[in-house]
Structure formats: C-alpha cells, structure tokens
Amino acid sequence: MTDTLGYTKHPDGSWEPIKPLEKGYIYSAGMVTCSRCGKFIRSMGGPMEGCICVHCYIEDLRANKETD
Ligand SMILES: [Zn+2]
C-alpha cells in the first residue's frame, strides 16, 4: 500500500509525498498538520514545515493549471 497522506515542499519547489509511518523506524513525536487548512496528517514524524494535505495539494495543482 502506498497511501499518500499529504505533501511536503522542498526548498527547490518540488513536492514529496508524506507516507504512513513504517514499523521498525524511530520517529520523533511531533504532529504533522496541513499548513493551509489545519487538517491532521500524521501523529508522528513531525513537526514538518510547509506540509499540506492531499486535498490542498490537489487544489494547488488546479489553481496552478488555471494560471498557466
Ligand atoms: Zn489541507
């Protein structure tokens, strides 16, 4: 399963999918939430800056298409 929970933006402007946590790894206890709508993305592995949920990511793609 490759469920994408959200996306995080790199300094170069590319988006990296945020995946569910895998067992066997150690994660920091930080909540990841959407920086646009505040929606909960993941309970651990944060905090991350500039994360957006899948919904906002799609909205963003749509908005970018309209301005092309
Ligand atoms: Zn969102």
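**Starting from strand E1**

I began with strand E1, residues 6-9, and found three bridges joining E1 to E5, the two strands running antiparallel. I kept in mind throughout that this is a predicted model.

Next I picked out single partners. Thr8 has Cys51 as its bridge partner in E5. Turning to E2, I saw that Thr8 stands opposite Glu16 there.

I then followed the pairing with E2 as a whole. E1 and E2 are joined by four bridges, again in the antiparallel sense. Five residues lie between the strands of this hairpin, and Gly13 takes a positive phi near 95 degrees.

**The sheet**

Which order do the strands take in the sheet? I read it as E2-E1-E5, an open sheet of three strands with antiparallel pairing. Strand E2 (15-18) and strand E5 (51-53) are at the edges with a single partner strand each, so one side of each has no neighbour in the sheet.

**A closer look at Lys9**

I stayed in strand E1 and clicked on Lys9, which is found there. Is Lys9 buried or partly exposed? I noted 17 C-beta neighbours inside 10 Å; a residue needs 20 or more to be buried and 12 or fewer to be exposed, so Lys9 counts as partly exposed.

Then I asked what Lys9 touches. Setting aside neighbours within four places in sequence, Lys9 is in contact with Trp15 and Gly50. I also looked at Glu49, which is 40 residues from Lys9 along the chain; the C-alpha atoms of Lys9 and Glu49 are separated by 8.2 Å.

**Stepping back to the whole chain**

I finished with the overall picture. The chain has five strands and one helix. Reading from the N terminus, I get the run β-β-β-β-β-α.

For overall dimensions, the C-alpha atoms fill a box of roughly 45 × 25 × 20 Å along the principal axes. How much of the chain is buried? I have 13% of the 68 residues down as buried.

My last entry concerns contacts in the chain with a separation of 6 or more: 26% of these are between residues 24 or more positions apart.

How values were computed. Residues are numbered from 1 along each chain as its sequence is written. This is a predicted model: local features need pLDDT of at least 70, side-chain atom pairs count only at pLDDT 80 or more; totals for chains, interfaces and linings use all residues. Two strands pair if DSSP finds at least two bridges between them. Two residues are in contact if their C-beta atoms, placed from the backbone, lie within 7 Å.
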